[in-house]
Amino acid sequence: MNDTTILEAVDLRKAYGHGLQRMPILDGIDFRVRKGDFVSVVGPSGCGKTTLLMALAGLSQPDTGEVRFRGQPVTQPPQGLAVVFQDYSRSLFPWKTARENVIFAMRDTAQKTRQERRDRADELLAAVGLKEFAQKYPWQLSGGMQQRVAIARGLASESDLLLLDEPLAAVDAQTRADMQDLILELAQRFDQTCLLVTHDVDEAVYMADKVIVLSRRPTSVATEIPVDLGKRRDQLATREQPGFLHARHEVMERIRSYRSQMAG
Ligand SMILES: Nc1ncnc2c1ncn2[C@@H]1O[C@H](COP(=O)(O)OP(=O)(O)OP(=O)(O)O)[C@@H](O)[C@H]1O
């Protein structure tokens, strides 16, 4: 590990089931994430992206191999790491309002007083376009709104590392673009390293400093494709830059090669 590495996956292996039912999912995955980077992970459906994320978060243990966060082996969810799950309906507390859900994530932050926490929660809710909905309960919000609360909560934790599992899957195209920019802006503002799982190749490249493409299941290869676009992104200009088109091409090419291996 060098000084700037915050997260490492070392020869991660994980299978589900036993005996004849045993299904290997991760079959020797290695990669590193540098502090401050935004990393996207793409791969075929069912290749084990959520399984990988659960292992990175310390929510499930790999069979062999190791996850290291700030150089320390991860054996349970570590402090300084937060996850925004794909299934927002199960990740928010239904008995807490949007504001209370966001405040709940601030247990370990610099915001100590009730007022400080309330102000930061309202700032984040306003940033995700939910200023008027702070006092609503999750069941009073649409799916996309609930997911925005979940994102505000992830950012509120001010954790050094934020793992995002398809957080924008349920929102419409325009909101999705706005949320991409919001996540980038807030991650930079709070100095958060992010690892985003997404099915959307354009989103993966737009958001990231590096895209990790996973091979089909059992996933044994994680190819890294650098995205050389600097930190400032713009929905129109960035997507037209040669660097964007090149990285997008490389990612698509890699996915296609994994697909043809599967067919062959
Ligand atoms: N707890 C579990 N027990 C048994 N099998 C599981 C479990 N969790 C996931 N699987 C299986 O492992 C495989 C990988 O699942 P996973 O959700 O990690 O993939 P994914 O790449 O995130 O999928 P998707 O792209 O569809 O979201 C799938 O075939 C899934 O059915």
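Start by selecting helix α4 (residues 114-127) together with helix α5 (residues 143-156): their axes come within 9 Å and cross at roughly 135 degrees. The model is a predicted one. At that angle, α4 and α5 are therefore oblique to each other. The crossing in which α4 passes α5 is right-handed.

Now show the side chains at this crossing. On α4, pick R120, A121, L124 and L125; on α5, pick A152, L155 and A156, which complete the contact. By residue class, the contact of α4 with α5 has 6 nonpolar residues, no polar ones and 1 charged.

Next, move to the sheet. Select its 6 strands in the order β6-β7-β8-β3-β9-β10; the sheet is open and its pairing is mixed. β6 (81-84) and β10 (222-226) are the edge strands, each with a single partner strand, so one side of each has no neighbour in the sheet. On average, and with direction ignored, neighbouring strands of this sheet are turned by 20 degrees against each other.

Then select helix α1 (residues 49-56), which lies across β3 (38-42), β7, β8 (193-197) and β9 (210-214). Relative to β7, α1 runs at about 155 degrees.

The last stop is H246, in helix α9 (residues 242-263). H246 has 15 other C-beta atoms within 10 Å and is therefore partly exposed. For a distance check, pick the C-alpha atoms of H246 and E8: 238 residues apart along the chain, these atoms are separated by 27 Å.

Technical notes
Residues numbered from 1 in each chain as written. Predicted model: local features only at pLDDT ≥ 70, side-chain atom pairs only at ≥ 80, totals over all residues. Axes fitted to C-alpha atoms, helices over the stretch in contact; angles between N-to-C directions. Helix = DSSP H or I, 4+ residues; strand = E, 2+ residues; numbered from the N terminus. Parallel < 35°, antiparallel > 145°, perpendicular 65-115°, else oblique. Left-handed = near helix turned anticlockwise from the far one by under 90°. Contact = placed C-beta atoms within 7 Å. Nonpolar A, V, L, I, M, F, W, Y, C, P; charged D, E, K, R; others polar. Buried ≥ 20, exposed ≤ 12 C-beta atoms within 10 Å, placed from the backbone. Pairing = 2+ DSSP bridges.
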